[in-house]
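Visitor: I'd like to learn how to read a protein structure. Could you walk me through one?

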Amino acid sequence: MTIKPLIILPDPLLRQVSAPIETVNAELLKLADDMLETMYDAPGIGLAAIQIGVPKQMLVIDVSREDEEKNPQVFINPQIVKSSDELSVYEEGCLSIPDYYAEVERPATIGVKYVGRDGKEHMLEADGLLATCLQHEIDHLNGVLFIDHISRLKREMVIKKFTKLAKGKAI
C-alpha cells in the first residue's frame, strides 16, 4: 500500500465533480487500500478519492475509536437516497483543510446506496458520526467542501488564509 499526497485548499481540483466508477477491479481495490493507508496516516476518519487527485466516486471511512478494532469501509458511487428532517451538529475538520474546524449542521440520519468492495450494491442506514462523515465525504465527490456549510464570512477567511499559505509555498 502507498500513502498518497493530499490535495490541499485552494487547489481547484477539490471543486471538481467526480465521475462514476464503471467496474470494480483489482486496480480500483488497490486505490481503495492506498486511500485507507493515506487516511490512517493523516490521521483522519474519512477520505474521498478526489482528495488524492483521483476524480472518481469512491470514498473510505473508519469511524472506530482508538480503543476499538479498525473498521475500514469502502463506498463506491455512494448516493444519499434519504435523509431525516432531524438535524445534528458536529465539529468537522478536513484533511484537505488542515487544522481548521467548524460546527456544521447536517441531517442526523441518512440512507446511502453504494457499491462495495465486492462489486455488489448495498444499502446502509447511518446516524451519528458515521452519517456526518458520509455526508462530508459524499460532498467531496460533488465538489463541495464542509466550509460551504458555514457562513460566507468565515468561508472567505479560510479560503484567503489557505490561498496565502499556498502562495508562500510556491515561492
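Guide: Let's begin with a definition: helices (H or I, at least four residues) and strands (E, at least two) are DSSP runs, numbered from the N terminus. Here, D139 sits in helix α2. This is a predicted model, where local features need pLDDT of at least 70 and side-chain atom pairs count only at pLDDT 80 or more, while totals for chains, interfaces and linings use all residues. Residues are numbered from 1 along each chain as its sequence is written, and side-chain values use heavy atoms, with hydrogens and water left out.

Visitor: Is D139 buried or exposed?

Guide: Buried means under 20% relative accessible area, exposed over 50%, and partly exposed in between (1.4 Å probe, protein chains only). D139 has 15% relative accessibility, so it counts as buried.

Visitor: Which residues is D139 in contact with, leaving aside its neighbours within four places in sequence?

Guide: Contact means heavy atoms within 4.5 Å. On that basis D139 touches R106, V144 and H149, once neighbours within four places in sequence are set aside. With H149 there is also a side-chain polar contact of 2.7 Å. A polar contact is a pair of N or O atoms within 3.5 Å; within protein, one must be able to donate a hydrogen and the other to accept it, and residues adjacent in sequence count only if both atoms are side-chain atoms.

Visitor: How many salt bridges does the structure hold?

Guide: The general idea is that side chains of opposite charge can pair when their charged atoms come close. A salt bridge is a side-chain nitrogen of Lys or Arg within 4 Å of a carboxyl oxygen of Asp or Glu. The structure holds 9 of them. One of them joins D139 to R106, with the closest N and O atoms 3.0 Å apart. That pair links distant parts of the chain, since D139 is in helix α2 (residues 128-141) and R106 is in strand β5 (residues 97-107), 33 residues apart.

Visitor: Which residue forms a salt bridge with K4?

Guide: D34 does, with the closest N and O atoms 3.9 Å apart. K4 belongs to the segment before α1 (26-41) and D34 to helix α1, 30 residues apart. K4 is partly exposed at a relative accessible area of 30%, whereas D34, at 3% relative accessibility, is buried.

Visitor: What else is buried in α1?

Guide: Along with D34, the buried residues of α1 are L28, L31, A32, M35, L36, T38 and M39. In general, an α-helix has 3.6 residues a turn, so residues three or four places apart point the same way. What covers the buried residues of α1 includes β1, β2 and β3.

Visitor: In what order do the 5 strands form the open sheet?

Guide: Two strands pair if DSSP finds at least two bridges between them. The order is β1-β2-β3-β6-β7, with antiparallel pairing. β1 (46-48) and β7 stand at the edges with a single partner strand each, so one side of each is left without a neighbour in the sheet. Between β1 and strand β2 (residues 58-61) there are 3 bridges, and L47 has V60 in β2 as its bridge partner.

Visitor: Which residue meets K82 in a salt bridge?

Guide: E125, at 2.9 Å from N to O. K82 lies in strand β3 (residues 73-83) and E125 in strand β7 (residues 121-127), 43 residues apart.
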